[in-house]
Amino acid sequence: MALTQMALDSLDFDATVALAAKVAPHVDILEIGTPCIKHNGIKLLETLKAKFPKNQILVDLKTMDAGEYESEPFYKAGADICTVLGASGIATIKGVVAAAKKYGKEVQVDMINVANKEALTKECVAAGVQIIGVHTGLDAQAAGHTPFADLAMIAGLKTGVKISVAGGVKAATTQQVKDAGASIIVAGAAIYGAADPATAAAEITKIAHG
């Protein structure tokens, strides 16, 4: 079984809450995307946490520096998971791990644009990171890249940590992503771009949980 995560990427506060209300019953994790959290701030996290207590909330901070200082307010406000960029280096990653430990929460390291993903994954596991994020960014997707090679490599390390996969995932590829070793399957446009986001989310979750 894999968990499902819905990426909330709109800049509009009310539209984000409204979309979350539609999809929350049908996904495991609500992600406040990077543009969304930058634009709306910690108030949005507090609102979603209060309205959707059954869902985990991931805040996609993509922290690049001052890991503990930047992430701690979000953990304190209710974030279950915060992200830090692998490219930030292990010192910054360890800072986010330290903040997460204070609140009994989790850290996800985003491997976007990391050259040696194998070496960094091993460092992250040793540092206490719970989730490795295989992330094919929008620009890379546009250039035709997919997450499968990186997913296979990281899954093959058999570290025991969870692996999150994001980047163009949809219902048609969910089973493939799950079979390749993903623990958390992230969908954004496949849900919020659908005519019925709730139905789209439920379809992906049914495959992921099945």
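What percentage of the 210 residues of the chain count as buried? In this predicted model, 49% of them do.

**Overall form**

The chain is built from eleven helices and eight strands. Its radius of gyration is 16 Å, close to the 17 Å that the globule rule gives for 210 residues, so the chain is as compact as a globular protein of that length. Along the principal axes, the C-alpha trace spans about 40 × 35 × 30 Å. Among the contacts with a separation of 6 or more, 65% are accounted for by residues 24 or more positions apart.

The accessible surface of the chain amounts to about 9,300 Å², and carbon and sulfur atoms contribute 55% of this area.

**Helix H3 and its surroundings**

Helix H3 covers residues 42–51, and its buried residues include Leu44, Leu45, Thr47 and Leu48. Viewed down the axis of H3, the buried residues fall within an arc of 165°, so they line one face of the helix. Lys43 and Ala50, on the other side of H3, are exposed. The cover over the buried residues of H3 includes strands E1 (3–8), E2 (29–32) and E3, together with helices H1 (13–23), H2 (34–40) and H4.

**Helix H9 and its surroundings**

Helix H9 spans residues 171–179, with Thr173, Thr174, Val177 and Lys178 as its buried residues. Seen down the axis of H9, these residues fall within an arc of 145°, so they line one face of the helix. On the other side of H9, Ala172 and Asp179 are exposed. The packing partners of the buried residues of H9 are helix H8 (148–156), strand E7 (162–166), strand E8 (184–187) and helix H11 (197–209). Just after H9, glycine 181 adopts a positive phi of about 120°.

**Residues in loops**

Which loop holds alanine 66? Alanine 66 is placed between strand E3 (56–63) and helix H4 (67–76). The phi of alanine 66 is near 50°, a positive value in a residue other than glycine. Asparagine 113, in the loop between strand E5 (106–110) and helix H6 (117–127), has a phi near 65°, which is likewise positive in a residue other than glycine.

Serine 88 also has its place in a loop, the one between strand E4 (81–85) and helix H5 (90–103). Leaving aside neighbours within four places in sequence, serine 88 is in contact with Thr63, Met64 and Ile93. Serine 88 and valine 109 are 21 residues apart along the chain, and their C-alpha atoms are separated by 9.7 Å.

| Residue | Relative accessible area | Class |
|---|---|---|
| Alanine 66 | 37% | partly exposed |
| Serine 88 | 17% | buried |
| Asparagine 113 | 71% | exposed |

The classes follow from the cut-offs, because buried means under 20% relative accessible area and exposed means over 50%, with partly exposed in between. Serine 88, with 17%, is therefore buried, and alanine 66, with 37%, is partly exposed. Asparagine 113, with 71%, counts as exposed.

Terms used
Residues are numbered from 1 along each chain as its sequence is written. This is a predicted model: local features need pLDDT of at least 70, side-chain atom pairs count only at pLDDT 80 or more; totals for chains, interfaces and linings use all residues. Side-chain values use heavy atoms; hydrogens and water are left out. Helices (H or I, at least four residues) and strands (E, at least two) are DSSP runs, numbered from the N terminus. The radius of gyration is taken over C-alpha atoms; the globule rule is 2.2 Å times the number of residues to the power 0.38. Buried means under 20% relative accessible area, exposed over 50%, partly exposed in between (1.4 Å probe, protein chains only). Contact means heavy atoms within 4.5 Å. Accessible areas come from the Shrake-Rupley method with a 1.4 Å probe; for residues, only the protein chains shown count as cover. The arc is that of the directions from the helix axis to the C-beta atoms.
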